[in-house]
Protein chains: 2
Amino acid sequence: MGIAMSQYFDTPQDAEDAYYDALEDGDLEALLTVWDTTDDISCLLPMHPLAQGRSAVREVFTRLCARGQGIALSVKHLGWIDGGDVAIHHVEESPQGHAPDGQPPMAVYGVNIFRRGAEGWRLIVHQNAPTAPPAGRAPPMAR
Amino acid sequence: MGIAMSQYFDTPQDAEDAYYDALEDGDLEALLTVWDTTDDISCLLPMHPLAQGRSAVREVFTRLCARGQGIALSVKHLGWIDGGDVAIHHVEESPQGHAPDGQPPMAVYGVNIFRRGAEGWRLIVHQNAPTAPPAGRAPPMAR
């Protein structure tokens with residue numbers, strides 16, 4: 001990973017672009033380069049347990065990339081928060097293509113959190129959540 | 001809201017405790033006091049659309065509190081990230097009691113993000129996501 005680790009991201013957006021590019025390419029080393037090298041990182045993909053720490057995050061993306069194909073997502077920015085050395089991006093991720101039943105694939109919310117360190121901006125948290133049910137179906141208020 | 005707004009939270013944990021206490025009490029003003037007064041806040045409750053901005057967040061909790069009962073959650077801390085003036089907490093929220101079918105209620109992941117400002121620590125992001133399916137049922141790898 002020596003070469004990949006020399007990557008420097010000047011802005012949170014540079015790191016985020018690199019993340020989705022690497023995901024589309026199914027490129028494990030490029031993906032891991034976007035993540036911070038510290039052990040306080042965490043990743044929550046849909047229907048997965050929360051992966052905490054460098055080793056757990058590596059395992060998640062190792063499994064994902066072992067399928068031998070990337071994941072192409074259309075990413076829509078919903079908003080971002082500038083917190084000094086921490087940047088929080090809200091996105092909506094839509095898988096490209098169609099589901100087997102011909103329906104458009106379900107979009108998910110994502111929050112990407114980046115932190116600025118000696119090696120530039122790195123991803124420290126990625127968390128997905130389902131989008132709301134279609135209009136006309138009232139969301140359950142119980143929680 | 002004059003009195004409530006004078007609340008000062010010395011630590012992210014103080015703000016988080018106040019959030020879950022206010023949720024349990026169904027106390028709208030106390031809930032809104034925990035949130036930052038800026039317009040870059042956002043809240044994603046399970047099966048809801050993403051609420052962005054002070055007005056949208058107020059609307060979410062106004063509806064929630066209009067039910068006339070609070071929501072008591074057991075909160076387990078999974079980890080936290082210290083980002084200087086930003087603090088990120090990973091929690092697991094479990095509704096207390098039992099669902100109508102007698103099953104233990106489903107826990108959800110939560111990420112709470114706090115920011116330090118002139119008025120102490122305030123909540124700027126709350127985002128929920130489902131926990132993983134029970135062991136034995138493999139999570140879908142497609143995303």
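## A:His90 and its surroundings

Setting aside neighbours within four places in sequence, A:His90 is in contact with A:Lys76, A:His77, A:Leu78, A:Gly79, A:Gly110 and A:Val111, and also with B:Ser42, B:Leu50, B:Gln52, B:Val125 and B:Gln127; contact means heavy atoms within 4.5 Å. The side chains of A:His90 and B:Ser42 are joined by a polar contact of 2.5 Å. A polar contact is a pair of N or O atoms within 3.5 Å; within protein, one must be able to donate a hydrogen and the other to accept it, and residues adjacent in sequence count only if both atoms are side-chain atoms.

A:His90 belongs to strand 4 (residues 86–95) of chain A. With a relative accessible area of 3%, A:His90 is buried. Buried stands for under 20% relative accessible area, exposed for over 50% and partly exposed for values in between (1.4 Å probe, protein chains only).

## Basis of the model

This is a predicted model, in which local features need pLDDT of at least 70 and side-chain atom pairs count only at pLDDT 80 or more, while totals for chains, interfaces and linings use all residues. Residues are numbered from 1 along each chain as its sequence is written, chains are lettered from A and ligands numbered from 1 in the order in which they are written, and side-chain values use heavy atoms, with hydrogens and water left out.

## Chain fold

Chain A has three helices and six strands, and from the N terminus on its elements run α-α-β-β-α-β-β-β-β. Helices (H or I, at least four residues) and strands (E, at least two) are DSSP runs, numbered from the N terminus.

Of the 143 residues of chain A, 46% are buried. Taking contacts in chain A between residues at least 6 apart in sequence, 50% join residues at least 24 apart.

## Relation of the two chains

The same surface serves both copies, as 98% of the contact residues of chain A recur in chain B.

## Aromatic pairs

The whole structure holds six aromatic pairs over all chains. Rings of Phe, Tyr and Trp (its six-membered ring) pair if their centres lie within 6.5 Å; planes under 30 degrees apart count as stacked, over 60 as edge-to-face and the rest as tilted. The rings of A:Tyr19 and A:Phe61 have centres 6.2 Å apart and planes at 90°, so this pair is edge-to-face. A:Tyr19 lies in helix 1 (residues 12–25) of chain A and A:Phe61 in helix 3 (residues 54–65) of chain A, so the pair ties together parts 42 residues apart in sequence. Both A:Tyr19 and A:Phe61 are buried.

A:Phe61 also pairs with A:Trp35: the ring centres are 6.0 Å apart and the planes at 50°, so the pair is tilted. A:Trp35 lies in the loop between helix 2 (28–34) and strand 1 (42–44) of chain A, and A:Phe61 in helix 3 of chain A, so parts 26 residues apart in sequence are tied together. Both A:Trp35 and A:Phe61 are buried. One aromatic cluster is formed by A:Tyr19, A:Tyr20, A:Trp35 and A:Phe61.

## Nonpolar cores

A nonpolar core is a set of buried Ala, Val, Leu, Ile, Met, Phe, Trp, Tyr and Cys residues joined through side-chain atoms within 4.5 Å. The largest has 68 residues, of which A:Phe61 and B:Phe61 touch the most other members. Not counting residues up to four places away in sequence, B:Phe61 touches B:Tyr19, B:Leu23, B:Leu28, B:Leu31, B:Trp35 and B:Cys43.

## B:Asn112

B:Asn112 is in strand 5 (residues 108–117) of chain B and is buried, with a relative accessible area of 0%. The side chain of B:Asn112 makes polar contacts with the side chains of B:Glu16 at 2.6 Å and B:Tyr20 at 3.1 Å.

Leaving aside neighbours within four places in sequence, the residues in contact with B:Asn112 include B:Ala87, B:Ile88, B:His89, B:Val91, B:Leu123, B:Val125 and B:His126.

## Cysteines

There are zero disulfides over all chains, a disulfide being a pair of cysteine sulfur atoms within 2.5 Å. A:Cys43 is in no disulfide, and the nearest cysteine sulfur, that of A:Cys65, is 11 Å away. A:Cys43 is buried at 1% relative accessibility, and A:Cys65 is buried with a relative accessible area of 15%.
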